[in-house]
Amino acid sequence: MLASRPLTNKTVLERYMKLAVPDNKFQATYIWVDGTGENLRSKTRTINFVPTNPKDLPIWNYDGSSTGQAQGSNSDVYLYPVAIYRDPFTQGNNKLVLCETYNHMKVPTETNHRWTCLEAMKKAAEQHPWFGAEQEYTFMDVDNHPLGWPKNGYPGPQGSYHCAVGANKVYGRDVVEAHYKACLYSGINIFGSNAETMPAQWEYQIGPNEGISLSDDLWISRFLLHRVAEDFNVVVSLDPKPITGDWNGAGLHFNFSTEAMRAPGGIDEIETAIDKLSKVHMKHIKTYSPNEGMDNVRRLTGSHETSYMYSFSSGVANRAVSIRIPRMVAEERKGYLEDRRPASNAEPYVVSEMLVRTICLDKNEQ
Ligand code: ADP
Ligand code: MN
Ligand code: MN
Ligand code: MN
């Protein structure tokens, strides 16, 4: 536990951040998902041009034996740049570079789920699948206790915290505001944010984005969240049920539509999609959180605005179901559906791939 994490002086840091550096030298921070499938790693290199296409950036490597992705005796894992974002920390022409990971045989590592997702998105491209993800998470103090909670007890019961304002109701807003701006700066399609039902729990949304870019944006937004919180000496937990008892868990609701669903009368397409989803419920559940879906057991209880993990349900404006049709969508008879099952620590490439394969692709293409 890092109860006494050494703090540095950010004002002193500013002096160095303002130093004039050679105008043909830029920093590129390569970012990737590690062997846990949930955590991110990064390392930085100098480049002598301003990259606009990920293909122009050098393939790089790292010590996979230290990230749970390779044996020590054959430790190099390759980083293939796939998306470029502006770097809100060093700014200027410096970049954040999202990467896929490949082992020494140039085979995708076990936690590289992007390439199969991309394959599915290409096959479904004509249907123009859009995704919007709602990332819920919890702020922790460095001692892993929820931020702002009494150290020897609990805050008052849930009911007054959701979308709340006031020093006795929300904890960590500075981090939320800083993260929102960092996302906008970076070029991430952030849609909104709100305080959640449990104190110290928050949400932001990404999207709607077409195809693979939703998950690219979401992974970088998670990196920014951890990195911004680090500046405030706060820890971010993506655990789907950080506190047991009468406290809401955290999800990654996935909102989904195709062009046909967004067109007049698209509600029929939405109903057809829900029917398809109902037939493969457990197949989806198994991929909607780590540990073959079992991380979600603690969250999908049927209480606290969730549905029971082992049964499929759907409904208009109902938050205790697997799939919700938002009220506005039912009224307008077109729009999108919301899959409420994915856990906060779900892998967005996997979830979006599952949705597209089940809803958009024929059986033989799935
Ligand atoms: P909720 O009422 O479930 O809390 P939010 O307002 O938090 O909903 O999030 C709505 C999400 O739906 C956003 O991520 C947004 O990008 C997404 N969204 C909106 N329209 C569409 C659409 N047509 N297709 C897919 N996603 C969409
Ligand atoms: Mn929401
Ligand atoms: Mn929410
Ligand atoms: Mn939602």
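1. The largest cavity in this predicted model is lined by W32, V33, L98, C99, E100, T101, T111, N112, H113, R114, E347 and Y349. Strand 1 (26–33) and strand 5 (95–102) are the elements giving two or more residues to that lining (strands are DSSP E runs of at least two residues, helices H or I runs of at least four, numbered from the N terminus). Strand 5 gives the most, with 4 residues.

2. That cavity has a volume of about 100 Å³, and the count comes to 3 cavities of 30 Å³ or more. A cavity here is a set of points on a 1 Å grid over the protein atoms alone where a 1.4 Å probe fits but cannot get out, with lining residues having an atom within 4 Å of a point.

3. By type, the cavity lining splits into 5 nonpolar, 4 polar and 3 charged residues (Asp, Glu, Lys and Arg are charged; Ala, Val, Leu, Ile, Met, Phe, Trp, Tyr, Cys and Pro nonpolar; the others, Gly among them, polar).

4. Now the largest pocket (an open set of points with protein on both sides within 12 Å along at least five of seven lines): its volume is about 770 Å³. Of its 27 lining residues, M17, Q27, F89, T90 and Q91 lie nearest the centre.

5. Helix 1, strand 1, strand 2 (40–47) and helix 4 (213–231) each put two or more residues into the pocket lining. Helix 1 leads with 5. The pocket lining divides into 11 nonpolar, 9 polar and 7 charged residues.

6. Housekeeping: residues are numbered from 1 along each chain as its sequence is written, and chains are lettered from A and ligands numbered from 1 in the order written. Local features need pLDDT of at least 70 and side-chain atom pairs 80 or more, while totals for chains, interfaces and linings use all residues; side-chain values use heavy atoms, leaving out hydrogens and water.

Methods:
Points joined across faces, edges and corners; volume = space filled by probe spheres on them.
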